[in-house]
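These notebook entries record what I looked up, topic by topic. I begin with a pair of helices and then turn to strands and charged side chains.

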Amino acid sequence: MKPSERDWESRLTELPLGSGGFSVRTIRKVKERIALEEKRKRRRKLPLAIASLLAVSLAAVVFRPQIEGALASWLGPGPEPVPVISETETTTFNIGYMYGSDDFMEKYGKPFIIRHPAVRFAFAEEAPLTVDIVAYKEWLERERPDLIQIPLAYLDDLSAAGLLAELDPLLLRDGIDEQGYHRPVSQVLREAGAGKLYGLADTFATTGLFYNRELFAARGIPEPSGSLTWDETLALAAQFAGMEKDGQPVYGLSFGYRPGLSSNVMSIALSLGMGMTTADGSRSSLGSNAWESLWTPFVQGYRDGWIANEAGMERGKNYAMTELYKLDPFLTGRSAMTFQSNDYLRNIEESREAIGFDADWGILPAPALDEAARAQGQAMEIPYVLAISAGSSQTDAAWELLKYIMSPEQAERRSRTAGHALYTVGQQSTDAGARETFFYEAAIDPSLSLVLHEQQTSPAYQALYALAAEEGRARTDELLSGALTVERFLEELDRQAEQALRELAAQEEELP
């Protein structure tokens, strides 16, 4: 920390003479007394002076409230503080928001205007949805929005470039206790900002392994507990092979109304932060042993029927939610486990009335890749970060807006319309039996969370992810029939990935 940033600490320890502590007349009397003692007892000059000053210091600390109160009564009331946001003169915020003005106004803008009627909002044009950080920096420097919504993966680059305002001094100045924020969210944001806070997030998301207690009991399998690895999860799921309920198959594991092998393997790889290239990004790693170890048991599970592979949602077709619930084996009581995000809580609640789901169920942490990852915890998703641009001409006003967005009042208001979202402030899961409590208590690995977000904004990662998902989808039948081995599939996929990386590198070289 720079010396200037700690000046406030040294000022707090200084003797506050003449600045809210003692009057000039009092100071003069103290000095006269010290001078008199020096004449009488020169040999004890230094100790007495120090003792007197210490006494004054102690008195300043102990009796400061009374002294300040007396001074206030003598001097009369001071001027009223000027509000940061005027209630009569228009304050216009320039907002950089990826999801559009309607979404911003509904979530934040309209309720803030109720509190501050003179506030108006303007929106920066062409708020970027790009993964090109260079273009993003140029946009930010050009538009200079007051408040900006950014991907978490950009936080480190933008803060290092000096494009975002540091929030720690503002928190300190206003006496805001960071403990009021969900701690894992703050940890992720601080790690992204090299220890400092450059943005806040009002919501977060994470995943869990939902399980049906009744099916475990019916199969005579002990109910799972704690944090599992994917190997352990799949071993449990395999024990449900051949089970039926009301003449229909029961599965050990399902993925809602999106049953496809390829898409689910890739979504799990994403949640685990599995890389698709070598460390320098020049070569594909999709043919590695790690990827083979992930694909192989899933292919076996789909082939043997203990992972659900029923007809699910058709791509490009519109469905009512009730119809989607009917396509979900877990919600129809025929799946022992399902891997889902916290938003699945809404599906469970709504399916009770829509299709009569009434099973006794529980939640476990998202399965880990291996023992080491189990000890570290799972990834957290932070959909976006709200930050103040360093180029803003009204930082204090923007901070008032951001403080409101992060207030318990705002979290409570939003929870009435999006009750199963996870809010960073004013946690909604305070009841002992609330299901959301699990997601607030889950162990989170900040580093893994950042890796996940960095991957999603990497052009190379996105290209290889799409390639692997599409090739896996095209060759699912061959994999499940045994006509194509996992090893052969990944060898061919690896070669295609190498070609895709070469094409990306060539495109980058052509850029000006």
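**Entry 1**

I note at the outset that the model is predicted. Two packed helices are described by the angle between their axes and the distance between the axes.

Which residues of α21 and α23 meet? On the α21 side I listed P459, A460, A463, L464, L467, A468, E471 and G472. On the α23 side I listed F489, L493, Q496, A497, A500, L501 and L504.

I stayed with helix α23, which spans residues 486–510. Here E492 forms a salt bridge with R488, and the closest N and O atoms are 2.7 Å apart. I noted that E492 and R488 are about one helical turn from each other, because they lie four residues apart in α23.

Is E492 buried or exposed? I found a relative accessibility of 15% for E492, and it counts as buried because that value is under 20%. R488, at 45%, is partly exposed.

I also recorded a network: R173, D174, D396, E400 and K403 are joined by salt bridges that share partners.

**Entry 1: Other charged pairs**

Side chains of opposite charge can pair when their charged atoms come close. How many salt bridges does the count give? I recorded 24 salt bridges.

One of the pairs I examined is R213 with E223, whose closest N and O atoms are 3.0 Å apart. This pair links distant parts of the chain, its two residues being 10 residues apart. R213 lies in helix α10 (residues 213–219), whereas E223 lies in the loop between α10 and α11 (230–238). I noted R213 as partly exposed, with a relative accessible area of 26%, and E223 as partly exposed at 40%.

I then looked up D343 and R346, whose side chains meet in a salt bridge at 2.6 Å, N to O. D343 has a relative accessibility of 33% and counts as partly exposed. R346 is partly exposed as well, with a value of 26%.

**Entry 2: A sheet of three strands**

I next followed an open sheet of three strands, in the order β8-β5-β9, and its pairing is antiparallel. Which strands stand at the edges? I found β8 (337–341) and β9 (361–365) there. Each has a single partner strand, so one side of each has no neighbour in the sheet. The twist from one strand to the next averages 30 degrees.

For β5 (residues 207–212) and β8, I recorded five bridges and an antiparallel run. Within this pairing, G208 stands opposite Q340 in β8. I also noted that helix α15 (residues 344–355) packs on the sheet and touches β5, β8 and β9. The direction of α15 makes about 175 degrees with that of β9.

**Entry 3: A parallel pair and its helix**

Lastly, I examined β1 (residues 91–96) and β2 (residues 119–123), which run parallel and are joined by five bridges. N94 stands opposite A122 in β2. What do β1, helix α5 and β2 make together? I recorded a right-handed β-α-β unit, in which α5 covers residues 101–115.

Note on methods. Residues numbered from 1 in each chain as written. Predicted model: local features only at pLDDT ≥ 70, side-chain atom pairs only at ≥ 80, totals over all residues. Heavy atoms only, no water. Pairing = 2+ DSSP bridges. Right-handed = clockwise from strand over helix to strand, strands pointing away. Salt bridge = Lys/Arg side-chain N within 4 Å of Asp/Glu carboxyl O. Buried < 20%, exposed > 50% of the residue type's maximum accessible area, 1.4 Å probe, protein only. Axes fitted to C-alpha atoms, helices over the stretch in contact; angles between N-to-C directions. Contact = heavy atoms within 4.5 Å.
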